[in-house]
Structure formats: structure tokens, C-alpha cells
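Please look through the sequence and the model shown here before reading on. The report after them is written for a reader who is new to protein structures.

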Amino acid sequence: MSVARYVARVMERIAPLSLAEKWDNVRLPLLAAVYISLTIIFLTTKVVNEALALPASVIIAYHPTIFKPLPSLTLSNPLQASLLRCAAAGVSVYCPHTSLDSVYGGIDDWLAQGLGAGKVNLIGAEAEGGLGGLGRVVKLDEKVTMASLQERIKQYLGLSYRESTYSEPTREVQSVAICAGSGGSVLDGVDADVYFTGEMSHHEVLATIAAGKNVILCGHTNTERGYLPILASKLRNEFASAEVGDCSLAEQLTVIVSTADRHPLDIV
């Protein structure tokens, strides 16, 4: 078995691809022939440079680099060029995306942990197999002010800023609907005092406020990147407990969280 296929099998145990949304393009798009697994949010040019310098054998890129079928790959497109450089160097790329959001113990549950003590439920129905589902609603044990909730989130995500808007500035809140990344469509219509996600469109925000709910936006990848060290730890644990037939591969694998991967925008 190749290193890439072994890592893909491990990732399937951590975040089964059956949990991914139907529109999502989660898979192992490249198959390649010290092995290093590098965890990142997005396959940028700087990340590819970092991976090739290590050198890495497998990149676990949370966001799919390709969402829709392409008639061709070209070096003139920077994102496609990143994939082509990986292919030329024999580096495999695995993209879990919404499967990692949905799985119990995944990104949405990680976000829920930063809000305080409370009961956590799925937004919708549980996925087939009982392994999770997309989105969470947290009902806190006690009501809090929006200022207090925002400060908890900023501290938890390590942010110096966030965007927010209130339907009623002085109202205390208790229920928070969560979706990592771009959560407007997932949160739409959910019964909660606050919608907490990375980003929403202008019209989604207006509709949410008109419905009497509050909004906290922290930047798309800011609601995802903090989970990378947890994913790296899960991978290390899987490699450490490898079955006899996989030990020779697992013992050679080192997991590194990218230092080149960062939020694409600066606040100035």
C-alpha cells in the first residue's frame, strides 16, 4: 500500500467522506508513489513551497483545491499550478472539508467547545451511520451578554477582531447556531439567538437581523484553522496505533502543521 492510500484510510476513520455534503469535492485527487504529512487549510503557493522544501509526501488540505470538474489543468491558474507542482514532485493531496466539519469531534464540535458549558445538538438530522451531521446548536447553561459571548469566541480563536451585529443590543442570549466557514445557507432558519460562523453574504446578514437574531462573523478560515493541531494529534494517534501490516508505513510518518498557511487578509 502506498503512503497516500494509507493516510487516506486513516483520514476515513477520522472523518468519513460519507459525511461530506453532496456538493463538496472531497477525495484524494492526487496519488503519489523521512514520509511527512502536512496539515493545512488551503493549498496556496507558499504552502506548496513549504511542502516541497520539507519534503512532504502527503498534504492534508482541508479545503478542496478543485470544486467543479475542469476541462484541463494549466500553469496559468495559480491554484491549478499548485496541484501540478505537487503532482510533478510526487506529493499527494487529500481534502476532507465538510466531512471534517460534520463528524462528531470535528470542527463544528470544536467551535462549540469555545462557547461555554451547555447542551450541543445537531442542526439537522444525523447523517447515515450516526457519525455526525453538519452544524451545531449550543444551548448555554446560563444566559450571557453578546459582549461576553464575543469575548469568549475571540479568546478561543485567538483573534483580535470579529464582525458582529445585534437585533437587540441589550438582550442576553443563550442559544448559538454554529457552522464553520461560510454558514449562511446552513444556519438559515435555525431557531437560535445567535448565528456564529466565518462569513455570510450581505443579504444573509440583513435577513438574519430582520428575523430578530444576532450575528458573529470571525473570518472564513479563522473558524477552521485552529482545529489543525487537533487533526494533527488525531493523525499521530492513528499512526502510533497502526495495525501490524501498516506499522512500516506509520512509523515513518511525521505530522507537521503548516507555518505558511494563514488567513489571506490583514486587518489594517
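Predicted model: local features only at pLDDT ≥ 70, side-chain atom pairs only at ≥ 80, totals over all residues.

Residues are numbered from 1 along each chain as its sequence is written, and side-chain values use heavy atoms, with hydrogens and water left out.

**Cores and the helix α1**

A nonpolar core is here a set of buried Ala, Val, Leu, Ile, Met, Phe, Trp, Tyr and Cys residues joined through side-chain atoms within 4.5 Å, where buried means under 20% relative accessible area, exposed means over 50%, and partly exposed is in between (1.4 Å probe, protein chains only). The largest such core has 49 residues, and the members that touch the most other members are Leu-115, Leu-149, Phe-196, Leu-235 and Phe-239. Helix α1 (residues 3-14) gives the largest share of this core, 8 residues; helices (H or I, at least four residues) and strands (E, at least two) are DSSP runs, numbered from the N terminus. In α1 the buried residues are Val-3, Ala-4, Tyr-6, Val-7, Ala-8, Val-10, Met-11 and Ile-14. The 12 residues of α1 reach 17 Å from the first C-alpha to the last, close to the 16 Å expected at 1.5 Å a residue, where the expected span is 1.5 Å times one less than the number of residues.

When residues up to four places away in sequence are not counted, Leu-149 touches Leu-115, Val-144, Val-173, Val-176, Val-194 and Ile-216, contact meaning heavy atoms within 4.5 Å. A second, separate core of 15 residues includes Leu-38, Ile-40, Leu-43 and Ala-51.

**Aromatic rings**

The structure holds 3 aromatic pairs, and rings of Phe, Tyr and Trp (its six-membered ring) pair if their centres lie within 6.5 Å, with planes under 30 degrees apart counted as stacked, over 60 as edge-to-face and the rest as tilted. Two of these pairs are set out in the table.

| Pair | Centre distance | Angle between planes | Class |
|---|---|---|---|
| Trp-110 and Tyr-156 | 5.5 Å | 35° | tilted |
| Trp-110 and Tyr-227 | 6.3 Å | 65° | edge-to-face |

Trp-110 lies in helix α5 (residues 107-113) and Tyr-156 in helix α6 (residues 146-157), so their pair ties together parts that are 46 residues apart in sequence. Tyr-227 lies in the loop between β10 (214-217) and α9 (228-240), so its pair with Trp-110 ties together parts 117 residues apart in sequence. Ring pairs thus link Trp-110, Tyr-156 and Tyr-227 into a cluster, in which Trp-110 is buried at 8% relative accessible area, Tyr-227 is buried at 2%, and Tyr-156 is partly exposed at 30%.

**A residue of strand β6**

Val-137 lies in strand β6 (residues 136-144) and counts as buried at 15% relative accessibility. Leaving aside neighbours within four places in sequence, Val-137 is in contact with Lys-119, Val-120, Asn-121, Ile-123, Val-176, Ala-177 and Val-190.

**Two backbone features**

Most residues other than glycine have a negative phi, and most peptide bonds are trans. His-97, however, has a positive phi of about 40° although it is not a glycine, and His-97 lies in the loop between β4 (92-95) and α4 (98-102), where it is buried at 6% relative accessible area. A cis peptide bond, with omega about -5°, joins Leu-54 and Pro-55, and Pro-55 is placed in the loop between α2 (45-53) and β3 (58-61).
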